[in-house]
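Me: I have a structure open and would like to go through it piece by piece. Can you help me read it?

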Amino acid sequence: MAKKRQPPVEKASVQLLVNDVEITVPEGTTLLEAAKEAGTEVPHYCYHPELSSPAQCRLCLVEVEGAPKLVPSCTTTVAEGQVVKTDSESATKMRQGVLEFYLVNHPLDCPICDQSGECDLQDFVFSEGRKHGRSKAAKRVIGRDDFGGDILFYGDRCVMCTRCVRFMEEMEQKPILTVVERGNRAVIDTFFEQGLEEAEWAGNVVDICPVGALVSKDFLYKARAWDLEHTPSICPNCSMGCNIEIHTRDNLVQRFKPRKNIEVNGSWICDYGRGGYEWLNQGGRIEKPTMKDTHEPGNGTQEPFGWEDLLRGLGARLKESAESVDVIASPVSSNEDLGAVLGLLKALGGGKILYRCPTSAEEVKLPGKEGLRRTNQLAPNVDGLKILGAVNVGDGSGAGGLEDIGASNSTVLVLGDRLEDQKDGFAENAGLLVYLGSHASQALSQADYILPITTYVEQEGTFVSSGGRVQRFSKGLEGPHAARPAWSILNELTNIISGSSDGDNVEEAFQKLSRISDAFTGLSYEDIGPEGVQLDAVAKKD
Amino acid sequence: MGYPYSHASEVSIISKHFGDPDARTLEGWKKRGGYEGLQKALQMGPEEVIELVKDSGLRGRGGAGFPTGLKWSFMPKDSKKPHYLLCNADESEPGTFKDRELLRWAPHQLIEGCAIGAYAIGAEQIYIYCRGEFFEANQVLAKAVEDAYEAGILGQDVFGSGKRIELTVHAGAGAYICGEETGLMNSLEGRRGEPRIKPPFPAAAGLFGLPTTINNVETLSAIPHIVAKGSDWYRKWGTEDSPGTKLFCVSGHVRRPGNYELPLGFPLKELINEVCGGVVDGNALKAVIPGGSSVPILSADQVEDCLLSYEGVQEAGSMLGCASVIVMDETTDVVHQVMRMSSFYAHESCGQCTPCREGTAWVTNILKKLLAGKGTEEDLTTLMELTDQMTGTTICVLSDSVAAPVQSSIKYFREDYQKLIKGGEVNG
């Protein structure tokens, strides 16, 4: 199944030649985008596909046969039979000239610049620039300015592309940034005392800054770009399902960056989502699977076990427990986790799944991108949980709602929720209390079984966004040695209880979902490309 | 009549009443035949007015010399959108001071021209974007507009024709780039004065994104006369391609600098030697900038046969521009003058386009270095290359305006540069 793409409606096709490659694109396509289709990336700074094009950086000028001079490829649209040359002698010479102009005032402070290694100026000059600059004069010094919030401005490095100004104007629609002064004294600034702390999407200006002029205070000097591993993932901090890249180093998350997905978040993520990664680096992990020593009741010690013995024992105990099972899931649980829970419950004869989710009264919209917002639900898989039949309990802070849980002889399975709002000895009267968690929980320290699971960044799987889109995330960190994905543990338990032999891989874990919910029918794990699949579309197709 | 000096060779049409305070008043202007053109135009169809202006061959006096009637005819004919007429009175090209006098002495002539233009292009709103530093001009214009409204010449019912024409005067805040037509539109809309990318052209999407025509003060000032007296009358002066008269702003080393209204095609040599009384102190002529600081400099040799028409100056190797003739005698340090101009442009560059933002300042730096006696032959090569990269590569022509004097001065006055390189001084 291919990703869902709107076919260009009511637009005629135009055929043209870009660098001797014949391509057909919809009418109205810019030469820059057409060149991309033809496999050529025209260097540019001011152009951004999701913002207006001022055509002012003058780097994307290309030669069009018959035109009296070079034309900006970011604003010139295609015409039938056009012959475009992005690498003609005049275009190349022009680009080299413009790059030299940039270096008149841009400091060569790459060794201490955060952008180094992912800098468009560095890249373009390295590939096309002159070996030596001819400007010998002292460079203009503007210095550093705190723009407020997480944003720091290094004015000397600015190339005046004004992407940041346009983002604030057109996307967030809070025109906090502007250009002051003119000529080569022009500089980006905030209005008087106003700053970006008033903004809620300001982190994006760092992403779209082609150089190191706008940097994140949080990330400043933390890591060099080339030392970072990039893992495609989904933002875990609300149910919007923004596509992100998780940048890691030394097995720690260093930052979240937006990953482009026009259908969901475009090129943007909110500051709330961007900033919420520290919990993935948090210590206090459950390192080993343990079981409360039942031979000496009351002493509270838990002996470590190997997975195999432990799960066999647990399977047997679960089988014995006639009463129904109460599952408390976490809204960060993946669909595969939930599928595995449902499979286990089926083998055991039923039960109910509850979850609690912190919410926010306010949504945080990005006015320039329709539909994009930080949703009320501050967890990534609320909609997956809903589709799979989990019931929301508790209040808006993700607490409470568990008063009826833990009756004597009942079986309680806690999946991922640390129960931080609950008192010590949660559900102590329950017949069997199992905690599958990544981090130690005070309330659950007396659980009969404590089983270490990986966080979502330490495994792969899928979430369903609030728009009903199922999207994959990948593994970016190594979890504690003994920790396993929850679905892997739960599926093994089901195998033990029902004598089945389902494989221990994410593809099969996902496959179980189509047997459980119509929403997933006909969809396989491999079908979900980098941009996800709309679940309605899957349902309609069949 | 020229101002402050006049000369027998002049043909006074638009400058006829310069220096006459009575002509500034509505009554005084009417006594001198004012508003006959507008009343006549209102009897004609808008198309007819455009045809008449086309026939007259009037070309834009703001610098580019684009045929005015043709520009008007680009306006959409059956659009339901509002149209705008803009009058560019943000005169700020170094060496130019003609619009200021037209605004000061003949405000009703301009209002009349604007009203005719608005009628022809189907606009109900006119904006005159007037340079803010023109305090007197702004006052005179404001009074004239007020009087015209009171007399029913502007407003809901122009001369009882049922036509509505409103006029607003807007004072600029002192940026050269706001005289560039699309920069002016941005400024008028309350944005930064930065030129826009064309296309779309103003006739399709101009002020507030609506069909707009923008004309220079001098262009619009000629309109009432053309409408009142006909295109053939206007074509009595000038050449086939450059009909009519033009104000020449002469400054620099001449005995009688000032504004002179002359038929186009007038010899430059004669302008300097006869009309302006010759070069000061009997010095030899060194160079002339014929059209304001953005055009190539002419050497004394090139001045010899240069005729002051759009085509004539082009033939001589420069451009007529807005006919601001800057005369430089043998005592002039050309490199210093070029540096002065490029500093001006570096200061006035809006900073959008990289070649202009960085190039204008860099070129100025090199010129300063040369003037300080620290230049090398290589700098001249660099100057030529940089200015090449600054020509035709930006949104507007401001960076081309630096390139023109730099390149032409290196071409014609290379020895001046070389003397500086060798450590010698040029002309003290």
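**Going through the model**

Reply: Start with A:N409, which lies in the loop between β20 (391-392) and β21 (411-415) of chain A. Keep in mind that this is a predicted model.

Me: What is the phi of A:N409?
Reply: Phi is near 75 degrees at A:N409, a positive value in a residue that is not glycine.

Me: Which residue in the loop between β21 and β22 comes next?
Reply: A:L419 is found in that loop of chain A, with β22 covering 432-437. A:L419 is not a glycine either, and has a positive phi of about 55 degrees. A:L419 counts as partly exposed because 19 C-beta neighbours lie inside 10 Å.

Me: Let's step back. How many helices and strands are there in chain A?
Reply: Chain A has 12 helices and 26 strands. Its C-alpha trace spans about 90 × 50 × 40 Å along the principal axes.

Me: What share of chain A is buried?
Reply: Of the 542 residues in chain A, 49% are buried.

Me: And what part of the contacts in chain A joins residues 24 or more positions apart?
Reply: Among contacts with a separation of 6 or more, 62% are between residues 24 or more positions apart.

Me: Where is A:S514?
Reply: A:S514 is in helix α11 (residues 506-516) of chain A. A:S514 counts as partly exposed because it has 16 C-beta neighbours inside 10 Å.

Me: What is A:S514 in contact with, leaving aside neighbours within four places in sequence?
Reply: Its contacts are then A:F520, A:T521, A:G522 and A:L523.

Me: Change of topic. How is chain B divided?
Reply: Chain B has domain 1 (21-234), domain 2 (245-329) and domain 3 (334-421). The centres of domain 1 and domain 2 of chain B, taken over C-alpha atoms, are separated by 27 Å.

Me: How many residues of domain 1 of chain B are in contact with domain 2?
Reply: There are 13 residues of domain 1 in contact with 15 residues of domain 2. The domain 1 side has 2 nonpolar, 5 polar and 6 charged residues.

Me: Which strand is joined to β2 of chain B?
Reply: Strand β2 (residues 125-130) of chain B is joined by 6 bridges to β3 (residues 166-171) of chain B, and the two run parallel. Between them the chain passes through helix α7 (residues 135-150) of chain B, making a right-handed β-α-β crossover. B:C130 stands opposite B:A171 in β3(B).

Me: What does B:I128 touch beyond four places in sequence?
Reply: B:I128 is in contact with B:C87, B:A89, B:C114, B:L141, B:L167, B:V169 and B:H170.

Me: Which residues have the most contacts inside the largest nonpolar core?
Reply: They are A:V341, A:V434, B:C114, B:I128 and B:L271, in a core of 285 residues. Helix α6 (residues 107-121) of chain B gives the most to this core, with 9 residues.

Me: Why is α9 of chain B called largely enclosed?
Reply: Helix α9 (residues 217-229) of chain B has 11 of its 13 residues buried, so it is largely enclosed by the rest of the structure. Among the buried ones are B:V217, B:L220 and B:I223. Just after α9(B), B:G230 takes a positive phi of about 95 degrees.

Me: Last one. How many residues does each chain give to the contact between chain A and chain B?
Reply: Chain B gives 25 residues and chain A gives 25 residues. On the chain B side, α15(B) gives the most, with 9 residues. By class, that side has 8 nonpolar, 13 polar and 4 charged residues.

Notes
Residues numbered from 1 in each chain as written. Chains lettered and ligands numbered in written order. Predicted model: local features only at pLDDT ≥ 70, side-chain atom pairs only at ≥ 80, totals over all residues. Core = buried A, V, L, I, M, F, W, Y, C linked by C-beta atoms within 7 Å. Buried ≥ 20, exposed ≤ 12 C-beta atoms within 10 Å, placed from the backbone. Helix = DSSP H or I, 4+ residues; strand = E, 2+ residues; numbered from the N terminus. Contact = placed C-beta atoms within 7 Å. Nonpolar A, V, L, I, M, F, W, Y, C, P; charged D, E, K, R; others polar. Pairing = 2+ DSSP bridges. Right-handed = clockwise from strand over helix to strand, strands pointing away. Domains from an automatic or database assignment.
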